Amino acid sequence: MQYIILALSLLFLSSLTHAQCDKKVTWHSNKLEAMSDDGQVMRTIEDELIIIAGKEEILLQQPSDDRHNMRAAIKEVTCNWEQPYKKGKTMYKVEFIKPNGETSPGTITIESTDGNIIANLYIEKVDQRARLTISKYKEETL
């Protein structure tokens, strides 16, 4: 009986963390840091930036200057959260699509340790890296 209760408890906990991965999440940031290959901050942009992660695509928006808005088609998702939005990570393998139609493979990783959420973006074609500190988020059911 104890094994059944333990198994049901583990199943329930894993369904909670997986349920987070089936939601549309809007992530807000007020700071983007352009990074070098070795992780050094090269430039900082202090402005509102929004990442909207859905089931098939991710939208990257800068409301003050929509020339920098971009889409990313989701190719693969790896989602592993021990505690939703507190401890864990989601990694998206994507195809970035600029407004002019130019594409590049890349990754978007949303990671949290102790409730501090960071988004890391990597665009392969131009070898660009950026880090966003997430200030707030909102989830919706897909």
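Is Tyr-85 buried or exposed? At 6% relative accessibility, Tyr-85 counts as buried, where buried means under 20% relative accessible area, exposed over 50% and partly exposed in between (1.4 Å probe, protein chains only). Keep in mind that this is a predicted model, in which local features need pLDDT of at least 70, side-chain atom pairs count only at pLDDT 80 or more, and totals for chains, interfaces and linings use all residues. Residues are numbered from 1 along each chain as its sequence is written, and side-chain values use heavy atoms, with hydrogens and water left out.

**Overall layout**

- Reading from the N terminus, the order is α-β-β-β-β-β-β-β-β-β.
- The chain has 142 residues, and 32% of them count as buried.
- Take the contacts (heavy atoms within 4.5 Å) between residues at least 6 apart in sequence: 39% of them join residues at least 24 apart.

**The nonpolar core**

- A nonpolar core here is a set of buried Ala, Val, Leu, Ile, Met, Phe, Trp, Tyr and Cys residues joined through side-chain atoms within 4.5 Å.
- The largest one has 25 residues, and Trp-27, Ile-58 and Ile-108 have the most contacts inside it.
- Elements giving two or more residues to this core include strand 1 (23-35), strand 5 (70-83), strand 7 (103-113) and strand 9 (128-141).
- Setting aside neighbours within four places in sequence, Ile-108 is in contact with residues that include Ile-58, Leu-60, Met-91, Phe-96 and Leu-121.

**Pocket and cavity**

- Both come from a 1 Å grid over the protein atoms alone: a cavity is a set of points where a 1.4 Å probe fits but cannot get out, a pocket is an open set with protein on both sides within 12 Å along at least five of seven lines, and lining residues have an atom within 4 Å of a point.
- Grid points are joined across faces, edges and corners, and a volume is the space filled by probe spheres set on the points.
- The largest pocket comes to about 720 Å³.
- Its lining has 28 residues, with Leu-32, His-68, Met-70, Ile-123 and Gln-128 nearest the centre of the pocket.
- Strand 9 gives the most to that lining, with four residues.
- By class, the pocket lining has 16 nonpolar, six polar and six charged residues; Ala, Val, Leu, Ile, Met, Phe, Trp, Tyr, Cys and Pro count as nonpolar, Asp, Glu, Lys and Arg as charged, and the others, Gly among them, as polar.
- A search of the whole structure turns up one cavity of 30 Å³ or more, and about 70 Å³ of space lies in the largest cavity.
- Residues lining the largest cavity include Met-70, Phe-96, Glu-102, Ile-123 and Val-126, while strand 6 and strand 7 are the elements that give two or more residues to this lining.
- The cavity lining divides into five nonpolar, two polar and three charged residues.

**Two loop residues with positive phi**

- Most residues other than glycine have a negative phi.
- Tyr-85, in the loop between strand 5 and strand 6, has a positive phi near 65°.
- Asp-114 has a positive phi near 55° and sits in the loop between strand 7 and strand 8.
- At 72% relative accessibility, Asp-114 counts as exposed.

**Residues linking parts of the chain**

- Ser-112 lies in strand 7 and is buried, with a relative accessible area of 3%.
- The C-alpha atoms of Ser-112 and Gly-88 are 5.5 Å apart, although the two are 24 residues apart along the chain.
- Leaving out neighbours within four places in sequence, Ser-112 contacts Trp-81, Tyr-85, Lys-86, Lys-87, Gly-88 and Ile-117.
- Lys-136, in strand 9, is in contact with Thr-26, Trp-27 and His-28, again leaving aside neighbours within four places in sequence.
- Thr-44 lies in strand 2 and, at 39% relative accessibility, counts as partly exposed.
- Not counting residues up to four places away in sequence, Thr-44 touches Lys-31, Leu-32 and Glu-33; the C-alpha atoms of Thr-44 and Leu-32 are separated by 5.8 Å.
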